[in-house]
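Here are some notes for a colleague who is opening this structure for the first time. They are set out as numbered points, to be read with the structure in view.

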Amino acid sequence: MGREKKHNGPIIRLDDVWKIYQMGRMQVEALRGLSLEILPDEFVVITGPSGSGKSTLMNLVGCLDIPSKGRVFLRGEDISRLSESELAQIRGRIIGFVFQTFNLIPSLTALENVILPMTFQGIQRYEREERAKKLLDMVGLEKRRHHKPAELSGGQQQRVAIARSLANDPEVILADEPTGNLDSKTGKEVMDMLSRLNKDGKTIVLVTHDINLLRYGDRILHIMDGRINERGGK
Amino acid sequence: MWGDFFRLSVRSIRRGGTRSWLTMMGIFIGIAAIVSLISLGEGLHSAINEQFELLGPNIIYVTPGAIFRPGGGASKLTDHELDIVKKVHGVEKAGGIISRLSRIEFRGETEYGFVSGLDPDMQDLFLDGTGVEIVRGQERFKSSDTYKAAIGYSYWSGDVFDRSVDIGDILRIDDKKFNVVAFVSEIGNPEDDKNIYIPIETAKDLFGVGDDYRVIMAKTMPNADIDDVSEEIKEKLRKDRGLDQGEEDFQIMTMEQVRKSVGIVLDAVQAVLIGIAAISLFVGGVGIMNTMYTSVFERTQEIGLMKALGARNQDILYIFVFESGMMGTVGGAIGCIVGVGLAKLVEFLAARQMGSGLINAQITPELLIGAILFSFIIGCISGILPARQASQLKPADALRYE
């Protein structure tokens, strides 16, 4: 699995995006005419209080959802023109996800969890296993390959999740509150790992409400009432 | 990729623990019932066919009485009817059998059983027509023989009296002494195995009857069409008795007709039983569907995650259909094992109860493979709707689900 050729423009672009939820008779505007570009090699931190639209924005940036209005471009391609299957395949190649609750599949071992995204890309078994082993070695879990999530600490589980996010060698790592369930020491280790990945050329999009993590970002996007207020970074 | 989906399905089933087993139980009960019923039914079919094959295919049986006619059982078959049968074109030879329930005594013990009088001239016909053999002793009654007896299997095997009856022993039948001269082979039916055969003239004396045959047996000539001959016998006897068509007070059968009739009845019984088993299989399928819906509900977040990781809708569909198909397959495989066990148990109990190998479960690879394949298909079909629901979940909604 070779890394795909880098796109010259923004990897992800949101153009006047609205997300409106229908709650009974009421309409809730989670995002209101929001535009945003994620450029290659950036470390972008998206922050904001609860209910500000952070999660909705993360879903759109991660191409997990489509906007009510406006357009989302993934490597220059309007995602609304893609079928669900095409979008799933492209998403699996371009974006790696790290979640607050790790979201590992409990019945699979660490190695199998890392292999899973490669399975959906149809990569050969031998290649998948070799790559997954290397990734687990990279995050320091070479001795925990065959352990199931329940047998791993929170920090170890998040490291498995980071290894999994790198499985298809994506351009972007989208991390949603990756330290939210970790103690401060383990949280720092995870953030240092993301920082290293950014230095190695990965684009990182971090969604957090923890102000201590803002320092990691090249660019900080503060979201409030469905709109973005951009600030500088480090 | 299929191998990976298979592994994912197996892991999920194992994670399901007791619930998975209970779900599979729904399938294995149905499959066990179907496997055991089909194997026993097939065994019974072939056993009956084998029995019929032993009997002469060119023998016509005329019996008194009509099943569907009130009072029909009162008619008699006499020497007059026997003569009519003998004269029918295509009949090589014919003879009658007299039979009565009699009191049989041996060394102070008393039992009751049927005693049949055989015409010495028609012994070969009788042996052909009933499939029995003389296994020991005098091969045939001579025309000069009186008060001699060929005894059924139950007597010489020791099933009737405390001591088994031997050649040369004396039996008292309805207070008359009979010398045991031959052993008749095992038939497999306890009632028939408890029959005693004596010369016909002795039987007439013993029972005080002249000519009241329980059955007239006629052997057709080698080039004769048995159906045509039996139709002619029927017509001649009906005319002789002055009866209209359909009003016959006697019955005419060939072994082929009996075999077909028995086959139809067995098929019908088997179809009803398998229908009942199929209902349980349907319930098992609903059980799988229920479990799969629960599983989709519980694993919503996992489905969202897999979609985030690049799983397409059809990947999710295949994973869940595989899972339900696997549950069906494992349930079916266990069902086959249980079904074979049940069939063998019935076979064993029947052999013990009836003292014969009449019911032999016929377990064929086709039956087992078919049953497992059928279970897989039921599992897959049951899983389609839940799997479709899973595949159509929106990743963002599914990931948010708790």
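1. Of the 234 residues of chain A, 50% count as buried. The model is a predicted one, and every value in these notes should be read with that in mind. Chain A contains six helices and 10 strands, and its C-alpha atoms fill a box of roughly 50 × 40 × 40 Å along the principal axes. A compact globule of 234 residues would have a radius of gyration near 17 Å, and the 17 Å of chain A agrees with this. Among the contacts in chain A that link residues at least 6 apart in sequence, 69% join residues at least 24 apart.

2. The largest nonpolar core has 122 residues, and those with the most contacts inside it are A:Val114 and A:Val205. Helix α2 of chain B, which covers residues 18-54, gives the most to this core, with 13 residues. Apart from this core lies another one, of 52 residues, which includes B:Val88, B:Met122, B:Val184 and B:Ile196. Returning to A:Val114, and leaving aside its neighbours within four places in sequence, one finds it in contact with A:Ala132, A:Leu135, A:Leu136, A:Val160, A:Ala163, A:Arg164 and A:Ala167.

3. Where the two chains meet, 22 residues of chain A are in contact with 21 residues of chain B. On the side of chain A that touches chain B, the elements that give two or more residues are α2 (84-94) and α3 (110-120) of chain A, and the largest share, seven residues, comes from α2(A). The residues of this side of chain A divide into eight nonpolar, 10 polar and four charged.

4. Two backbone angles deserve a check by eye, because most residues other than glycine have a negative phi. A:Asp41, although not a glycine, has a positive phi of about 70°, and its place is in the loop between β2 (26-38) and β3 (43-47) of chain A. With 15 other C-beta atoms within 10 Å, A:Asp41 is partly exposed. B:Arg107 is not a glycine either, and has a positive phi of about 45°; it is found in the loop between β2 (91-106) and β3 (109-118) of chain B. Is B:Arg107 buried or exposed? With 12 other C-beta atoms within 10 Å, B:Arg107 is exposed, because the cut-off for that class is 12 or fewer.

5. B:Glu109 lies in strand β3 of chain B. This residue is exposed, since 11 other C-beta atoms lie within 10 Å. Not counting residues up to four places away in sequence, B:Glu109 touches B:Phe161 and B:Asp162.

Terms used: Residues are numbered from 1 along each chain as its sequence is written. Chains are lettered from A and ligands numbered from 1 in the order in which they are written. This is a predicted model: local features need pLDDT of at least 70, side-chain atom pairs count only at pLDDT 80 or more; totals for chains, interfaces and linings use all residues. A nonpolar core is a set of buried Ala, Val, Leu, Ile, Met, Phe, Trp, Tyr and Cys residues joined through C-beta atoms within 7 Å. A residue is buried if 20 or more other C-beta atoms lie within 10 Å of its own, exposed if 12 or fewer, and partly exposed in between; C-beta atoms are placed from the backbone. Helices (H or I, at least four residues) and strands (E, at least two) are DSSP runs, numbered from the N terminus. Two residues are in contact if their C-beta atoms, placed from the backbone, lie within 7 Å. Ala, Val, Leu, Ile, Met, Phe, Trp, Tyr, Cys and Pro count as nonpolar, Asp, Glu, Lys and Arg as charged, and the others, Gly among them, as polar. The radius of gyration is taken over C-alpha atoms; the globule rule is 2.2 Å times the number of residues to the power 0.38.
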